[in-house]
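Student: I have a protein model open and would like to learn how to read it. Could we go through some features one by one?

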Amino acid sequence: MAPIAKQMAQLWGDHALAAPVADQFLARLRELVRDNDPESVYLRVITALFEDFLAESADDTRRRGRTGFYETQVWKKLYKFQRDGVLGAIQKLERHNGCIIADSVGLGKTFEALAVIKYYELRNDRVLVLAPKRLRENWTIYRSNDVRNPLIDDRFNYDVLNHTDLSRDIGFSGDIDLSHINWGNYDLVVIDESHNFRNNPQLQRDTKTRYQKLMEDVFKAGVKTKVLMLSATPVNTRLADLKNQVLFATEGNDDALAGDGIKSIESTLRQAQTRFRAWQDTPESQRSAQTLVSHLGLDYIRLLDLVTIARSRKHIEKYYGTSDVGRFPDRRQPVNIKSAIDARDQLMPLADINRRILALNLASYKPMSYVLPGQRDRYAQLYDHKIAGSGERIFRQEHRDNNVVHLLRVNLLKRLESSVNSMAMTVGKMLQTVQTKIDKLDAYEADHSRAISLAEIEGRDWDDLNFDDPMFEDAVVGSSVKVLLPDIDRPRWRQELEEDRDALRELLDEMSVVTPARDLKLVKLKDYLRWKIDNPYNTGNRKALVFTAFSDTAEYLYEHIAPWAQKEFGIHVALVTGSTAKSTLKMPRTDMLGVLTAFSPLSKSGDPAADQIDLVIATDAISEGQNLQDCDTVVNYDIHWNPVRIVQRFGRVDRLGTQNTSVQLVNFWPDLDLESYINLEKRVSGRMALLDVSATGEENLLTEAEQKAMNDLEYRRKQLEQMQTAAPTMEDLAGGLSITDLTLSDFRMDAAARDANALAELAQWPQALHGVARFDATLDAEGLGPGAVFLLRVRDEEIPLPPAFPLAPFLLLYVTDDGMVAHAVDEPKLALDVLRRHGMDAPSVDAEAVASFARRTRGGARMDHYRGLLEAAITAATGKGTENRVASLFTAGPSLLGHGGTSAGRASVDLIAWMALVP
């Protein structure tokens with residue numbers, strides 16, 4: 001002992017080794033007793049949680065700065081939330097090779113993607129944009145030497161191809177020769193409307209599908225290729241929709257994200273789908289966004305967090321404010337217009353027409369159903385296909401034919417709902433098809449000496465069988481699926497064809513009496529447009545965008561609206577469908593882009609001083625990817641079966657950058673109450689459930705699938721009710737939940753946006769420092785209340801955390817004053833949201849809240865209440881009780897929890913920081 005004492009005395013007296021620390025010691029003491037503002041506590045928490053990301057982000061920021069990225073025109077044009085999205089997307093592309101930007105409709109995904117493209121172009125990477133053909137010009141304009149190009153100074157140089165070009169090996173797409181393109185030489189591929197690739201057909205055929213072409217010839221071949229996907233609806237009907245899109249990033253490798261806690265992408269999504277169905281089966285009173293998050297499971301949420309960037313309009317308003325982006329337009333309450341078909345009310349009731357539709361055999365569209373029993377196996381060899389990777393599951397052509405028939409019935413009803421003219425045209429075409437088949441039968445029966453059956457050509461190689469051979473011409477029927485007349489039950493087919501012919505003639509006669517002058521729906525559309533022009537929602541704005549699902553209806557409306565509107569109001573009208581663009585305005589070039597630029601010159605970088613188009617009648621060819629916010633009104637002339645389409649239509653005008661203070665949705669409905677309308681659809685689509693199992697051939701699944709179809713109709717009833725009172729959003733359709741609610745991207749961006757030196761100073765805080773905020777009483781409605789949010793760090797992996805847990809080794813828990821943890825331990829998103837709600841943009845100490853805290857704790861001397869909340873948090877985290885010595889976590893220095901205690905849980909965590917939320 002003496003030598004040690006002597007050594008200490010020597011060290012103590014050595015002035016070369018000693019240094020004054022009084023100031024540092026006092027500063028540390030002041031830190032322990034000071035009142036901390038809520039924002040600093042929030043930033044301290046997210047700095048700890050995302051330390052690795054921040055270090056990487058700082059390096060990335062410096063690297064991007066050296067490329068001149070922050071000086072580009074596209075970067076300068078972005079709003080704050082878009083810049084955050086771009087940086088987050090680049091980070092995911094670098095770390096995981098892929099990212100889905102899933103921002104809601106109207107938030108500018110295209111410009112975010114352009115910024116990402118520019119970043120990689122500055123690195124001399126080769127970039128390909130794959131877009132739907134109708135959106136091609138949305139991308140080519142930004143690389144053109146065109147006065148309408150607002151980014152001309154950035155000199156973009158990416159290639160643009162259509163989705164459909166993946167099915168072509170020859171010809172040109174723009175200036176690209178598809179026969180010589182090096183598909184495997186792209187460093188980055190941007191897929192616009194990537195949800196179009198959510199399905200990966202697995203039929204065992206010789207030709208590649210578009211999905212297979214993209215996967216095998218682009219992502220798996222040649223250079224390492226990153227993929228950026230854009231879609232407001234990456235998950236459309238099933239959670240598994242995400243799988244095939246994510247697999248682009250992993251080059252089809254199902255376990256590529258195992259290092260980030262996702263052992264199997266496919267298994268994760270399949271289990272999430274099962275949990276989602278279980279959530280759907282719970283009582284409605286128990287179904288909420290919060291309970292859905294709990295059901296989906298941590299792996300699914302982790303997967304979304306790894307590969308998606310998603311922000312909603314509500315999210316932007318709540319967390320970014322509107323000072324940067326400006327106000328979003330107010331969504332006015334929808335105008336609902338009910339209309340009968342015939343102004344004279346002489347047409348048979350809609351329900352009677354529906355019964356006629358249901359009675360149709362539609363025999364000309366399902367020849368496989370009439371193949372004789374002895375020939376069925378031969379035709380099955382020709383047309384049935386095994387589904388790759390699914391064991392013995394078979395895609396049966398006969399089932400597909402039946403599905404086509406059901407689709408045709410639905411199509412007839414929807415066309416009648418759209419316009420009587422569209423219905424009449426369709427019935428006329430179907431009647432012509434039926435008559436052609438009857439004529440073919442007549443010719444065959446008159447002379448079938450040259451006819452041949454499949455049974456007579458057993459020795460041929462069926463893979464080379466060509467029904468276009470002259471030897472078959474007198475006996476073959478069908479287009480893509482061809483059947484020989486000797487092989488079918490001709491008497492039965494003839495009988496059902498003739499029944500169809502007679503029924504279709506009656507329907508056509510009934511429809512034909514309703515002339516445009518008697519078309520009450522057309523009359524009501526004119527009445528509304530007249531009212532809107534006389535009573536604009538926004539001063540001087542006479543523009544309206546009329547959507548219909550059918551080009552026949554669009555052509556009909558243009559024919560009868562355009563001359564009327566020009567004569568009555570002197571306004572120009574345009575028509576845009578997938579194949580047509582025309583206008584009453586004389587233009588140098590009447591194409592889709594030219595027409596839409598004249599309709600919305602501000603948003604399309606046109607000339608606002610030039611003559612404009614005020615009314616566009618369009619199909620859903622322009623319901624995605626078009627910025628038309630000069631207009632303030634969308635009219636749904638028919639209600640699309642998929643409510644997502646309604647959101648997309650309205651999203652053309654309900655967008656950032658509009659100068660309109662409000663936007664209006666107008667819905668035309670059949671002259672039925674909603675109950676009758678739903679029942680009508682239910683009867684006509686009762687067996688549409690076949691579509692869900694068409695590839696399986698497993699008949700025992702039909703009952704379950706039919707029940708699912710009925711559940712879908714009940715879901716549609718609720719959506720239609722909602723549409724009558726409010727313009728729907730994607731979040732509304734999902735019951736208030738969006739991908740935004742499931743990811744942590746914005747919290748990372750909150751930290752990355754701060755000064756690095758300030759964050760480094762926060763990271764040096766002693767453990768257990770806290771802040772105080774006044775609980776936001778508006779959260780009462782969500783079942784939340786005052787309490788505390790604790791950030792705990794697990795010591796030495798003493799608390800096992802799931803591999804997918806995104807905050808490891810930290811735990812964040814929100815405990816309310818009643819001692820209840822408000823969320824599952826492994827679902828920290830709610831705690832982060834609450835912490836952000838009270839900490840973001842709160843850089844000053846709330847003196848009143850601190851005074852309330854002081855009264856409750858007697859100036860910090862009686863911390864029993866908050867010790868109890870901390871005990872509840874630790875108990876929830878460890879699954880074991882704690883008894884005493886929790887108070888040591890509230891003191892500076894290492895925690896004494898567990899030292900001599902009875903619970904291992906006390907020694908397993910450190911308290912890093914916490915925030916008290918006082919009433």
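Student: Is Asp841 buried or exposed?

Tutor: Keep in mind that this is a predicted model. A residue counts as exposed when its relative accessible area is over 50%. Asp841 has a relative accessible area of 60%, so Asp841 is exposed. Asp841 sits in the loop between helix H30 (829–839) and helix H31 (847–857). The phi angle of Asp841 is near 60 degrees, a positive value in a residue other than glycine.

Student: In which loop does Asp345 lie, and what is the phi of Asp345 near?

Tutor: Asp345 lies in the loop between strand E10 (335–339) and helix H15 (350–359). The phi of Asp345 is near 60 degrees, which is positive in a residue other than glycine. Asp345 counts as exposed because its relative accessibility is 65%.

Student: How many helices and strands does the protein chain have?

Tutor: The chain has 32 helices and 24 strands. Of its 919 residues, 54% count as buried. Now consider contacts in the chain with a separation of 6 or more: residues 24 or more positions apart account for 76% of them.

Student: Which residues have the most contacts inside the largest nonpolar core?

Tutor: The general idea comes first. In soluble globular proteins, nonpolar side chains tend to be buried together. Here the largest nonpolar core has 103 residues, and Trp139 and Leu228 are those with the most contacts inside it. Strand E24 (residues 909–918) supplies the largest share of this core, nine residues. There is also a second, separate core of 41 residues, which includes Leu130, Leu242, Leu269 and Leu303.

Student: What is Trp139 in contact with, leaving aside its neighbours within four places in sequence?

Tutor: With those neighbours left aside, the contacts of Trp139 include Thr110, Ala113, Leu114 and Ile117. Val129, Ala131, Tyr158 and Leu230 are also among them.

Student: Where does Asn138 lie, and what is Asn138 in contact with?

Tutor: Asn138 lies in helix H8 (residues 136–140). Its relative accessible area is 13%, and a value under 20% means buried, so Asn138 is buried. Leaving aside neighbours within four places in sequence, Asn138 is in contact with Lys604, Gly625 and Gln626. A polar atom of the Asn138 side chain lies 2.3 Å from the backbone oxygen of Gly625. Sequence distance and spatial distance should be read separately: Asn138 and Leu593 are 455 residues apart in sequence, yet 8.1 Å apart in space, C-alpha to C-alpha.

Student: How many of the eight residues of helix H28 are buried?

Tutor: Seven of the eight residues of H28 (residues 745–752) are buried, so this helix is largely enclosed by the rest of the structure. The buried residues are Ser745, Asp746, Phe747, Arg748, Met749, Asp750 and Ala751.

Student: At what angle do helix H18 and helix H21 pack?

Tutor: Two packed helices are described by the angle between their axes and the distance between the axes. For H18 (residues 420–446) and H21 (residues 551–569), the angle is about 130 degrees and the axes are 8 Å apart. H18 and H21 are therefore oblique to each other. The crossing in which H18 passes H21 is right-handed.

Student: Which residues in H18 meet which residues in H21?

Tutor: On the H18 side they are Asn421, Ser422, Met425, Thr426 and Lys429, and on the H21 side Asp552, Thr553 and Tyr556. An α-helix has 3.6 residues a turn, so residues three or four places apart point the same way.

Student: Is Thr553 buried or exposed?

Tutor: Thr553, in helix H21, has a relative accessible area of 0% and is therefore buried. Not counting residues up to four places away in sequence, Thr553 touches Ser418, Ser419, Ser422, Thr548 and Tyr637.

Student: At roughly what angle do the axes of helix H3 and helix H29 cross?

Tutor: The axes of H3 (residues 38–49) and H29 (residues 756–763) cross at roughly 85 degrees and come within 9 Å. H3 and H29 are therefore roughly perpendicular to each other. Ser40, Leu43, Arg44 and Thr47 of H3 make the contact with Leu759, Leu762 and Ala763 of H29.

Student: Which peptide bond is cis?

Tutor: The bond from Ala808 to Pro809 is cis, with omega near 5 degrees. Pro809 is found in the loop between strand E22 (787–794) and strand E23 (810–816).

Conventions
Residues are numbered from 1 along each chain as its sequence is written. This is a predicted model: local features need pLDDT of at least 70, side-chain atom pairs count only at pLDDT 80 or more; totals for chains, interfaces and linings use all residues. Side-chain values use heavy atoms; hydrogens and water are left out. Helices (H or I, at least four residues) and strands (E, at least two) are DSSP runs, numbered from the N terminus. Buried means under 20% relative accessible area, exposed over 50%, partly exposed in between (1.4 Å probe, protein chains only). Contact means heavy atoms within 4.5 Å. A polar contact is a pair of N or O atoms within 3.5 Å; within protein, one must be able to donate a hydrogen and the other to accept it, and residues adjacent in sequence count only if both atoms are side-chain atoms. A nonpolar core is a set of buried Ala, Val, Leu, Ile, Met, Phe, Trp, Tyr and Cys residues joined through side-chain atoms within 4.5 Å. Axes are lines fitted to C-alpha atoms, for helices over the stretch in contact, and angles run from 0 to 180 degrees between N-to-C directions. Angles under 35 degrees count as roughly parallel, over 145 as roughly antiparallel, 65 to 115 as roughly perpendicular and the rest as oblique. A crossing is left-handed if the near helix is turned anticlockwise from the far one by less than a right angle, and right-handed if clockwise.
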